[in-house]
Amino acid sequence: MTASAAEGPLLLLDGASLWFRAFHAIPEKITAPDGRPVNALRGFTDMVASLITKHTPARLVVCLDLNWRPDFRVALVPSYKAHRLDTSAEAGPGAEEVPDTLTPQVEMILEVLEAAGIATGGADGLEADDVLGTLATTERTHETIVVSGDRDLLQLVRDAPPPIRVLYVGRGLAKAELFDPAGVAAKYGVPQDNAGRAYADMATLRGDASDGLPGVAGIGDKSAAMLISRFGSLEELRAAVDRPDADLAQGIRAKLRAAADYLTAAAPVVRVVCDAEVHLSRPDTLPGAPADPARLHTLAESYNATSPITRLITALTATQGN
């Protein structure tokens, strides 16, 4: 039986993660009447409609990057996302390599969300990850489902009420995986009783090339998971390095000692901020009808997005009826 919207979860969407995936999944040949590509807009809108239909959320926020490369993370680990910098003369400081035909579509997406009455949220100087982390961990009423293609968000899973689940869409929405602590423990070999924090600790050890985090040389996924499982946390593992009686091979001790400065700096880089000052564009209660139907109709025609926007309106209306 489908839960009523009032009893449904808080749905937190990683905006950039979803519209990047929509952009790459749908051909750019799909355009508005004026010739502008609208593939990301159409795909993202369809994703939102599908997620609302499946999860019947009581509340929903699309979380935004107000700074995709926060200063505090770069200060700690200068290589953080450095390979993604756009160094062209036209790019401003800290610009990211975003496809030229995607950038204008982000504004289109935000227009559609505003007309639909769906809240967006951001935090000055921080990434969407930090907005997701703050809204999820400070929620006191509803179960939270975080939707992202970024595995780093797995650190948020918890069973303690209200629970937090992560819907990982890295392989697309059709192949999405819903993770709880047991699922994270089973897939990544970390302790279930502390699966979220343990995942972050494991990720710090192994590194992440996509984020410019080198990790500890010579320690991969399996070794990192084994070490965190054995010692319970990165802090305990590092403390064990200097204990002669600890169950830790000399080679691993040497690798961890050599990477001591990296580990000190990287741990707070990997962990999402959970106490950010988040600003919402509007209340996060999911509306049962568009906030501005006339505007939404105009946008649907202007952007050749009648079908996905109609599906979004249908999804909103259905939550009101459940």
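How many of the five residues of strand β4 (residues 144-148) are buried? Five of its five residues are buried, and the strand is mostly covered. Buried here means under 20% relative accessible area, exposed means over 50%, and partly exposed lies in between, with a 1.4 Å probe and protein chains only. Strands (E, at least two residues) and helices (H or I, at least four) are DSSP runs, numbered from the N terminus.

This is a predicted model, in which local features need pLDDT of at least 70 and side-chain atom pairs count only at pLDDT 80 or more, while totals for chains, interfaces and linings use all residues. Residues are numbered from 1 along each chain as its sequence is written, and side-chain values use heavy atoms, with hydrogens and water left out.

## The sheet

The strands form an open sheet of seven, in the order β6-β5-β4-β1-β2-β3-β7, and the pairing is mixed. β6 (177-179) and β7 (279-280) stand at the edges with a single partner strand each, so one side of each has no neighbour in the sheet. Two strands count as paired if DSSP finds at least two bridges between them.

β4 pairs with strand β1 (residues 10-14) in the parallel sense over four bridges. Five bridges join β4 to strand β5 (residues 164-168), and these two also run parallel. Valine 147 in β4 stands opposite leucine 13, and valine 147 also stands opposite leucine 167 in β5.

In a regular strand the side chains alternate between the two faces of the sheet. In β4, Thr144, Val146 and Ser148 point one way, Ile145 and Val147 point the other way, and all are buried.

Helix α4 (residues 103-116) has 14 residues. From its first C-alpha to its last it reaches 21 Å, close to the 20 Å expected at 1.5 Å a residue; the expected span is 1.5 Å times one less than the number of residues. Its buried residues are Gln105, Val106, Met108, Ile109, Val112, Leu113, Ala115 and Ala116. An α-helix has 3.6 residues a turn, so residues three or four places apart point the same way. After α4 comes glycine 117, with a positive phi near 90 degrees.

Alanine 40 belongs to helix α2 (residues 39-55). Its relative accessibility is 0%, and therefore alanine 40 counts as buried. Contact means heavy atoms within 4.5 Å. Leaving aside neighbours within four places in sequence, alanine 40 is in contact with Trp19, Ala22, Phe23, Leu102, Gln105 and Ile109. Two of these contacts, Gln105 and Ile109, are also listed among the buried residues of α4. The C-alpha atoms of alanine 40 and methionine 108 are separated by 9.5 Å, although the two are 68 residues apart along the chain.

## Two aspartates

Is aspartate 201 buried or exposed? Aspartate 201 counts as buried because its relative accessibility is 0%. This residue is found in helix α7. Not counting residues up to four places away in sequence, aspartate 201 touches Ile228, Ser233, Leu234, Glu235 and Arg271.

Aspartate 65 lies in the loop between β2 (59-63) and α3 (71-76). At 33% relative accessibility, aspartate 65 counts as partly exposed. With residues up to four places away in sequence left out, aspartate 65 touches Ala16, Leu126, Glu127 and Ala128. Aspartate 65 and aspartate 130 are 65 residues apart in sequence and 8.8 Å apart in space, C-alpha to C-alpha.

## Cavities and a pocket

The whole structure has three cavities of 30 Å³ or more. On a 1 Å grid over the protein atoms alone, a cavity is a set of points where a 1.4 Å probe fits but cannot get out, and a pocket is an open set with protein on both sides within 12 Å along at least five of seven lines; lining residues have an atom within 4 Å of a point. Grid points are joined across faces, edges and corners, and a volume is the space filled by probe spheres set on the points. In the classes below, Ala, Val, Leu, Ile, Met, Phe, Trp, Tyr, Cys and Pro count as nonpolar, Asp, Glu, Lys and Arg as charged, and the others, Gly among them, as polar.

| Space | Volume | Lining by class |
|---|---|---|
| Largest cavity | About 70 Å³ | four nonpolar, no polar, five charged residues |
| Second largest cavity | About 40 Å³ | three nonpolar, one polar, four charged residues |
| Second largest pocket | About 180 Å³ | four nonpolar, three polar, three charged residues |

The lining of the largest cavity includes Arg73, Tyr80, Glu127 and Asp129. Among the residues that line the second largest cavity are Ala203, Arg206, Gly207 and Asp208. Helix α7 (residues 195-206) gives the most to the lining of the second largest pocket, with three residues.
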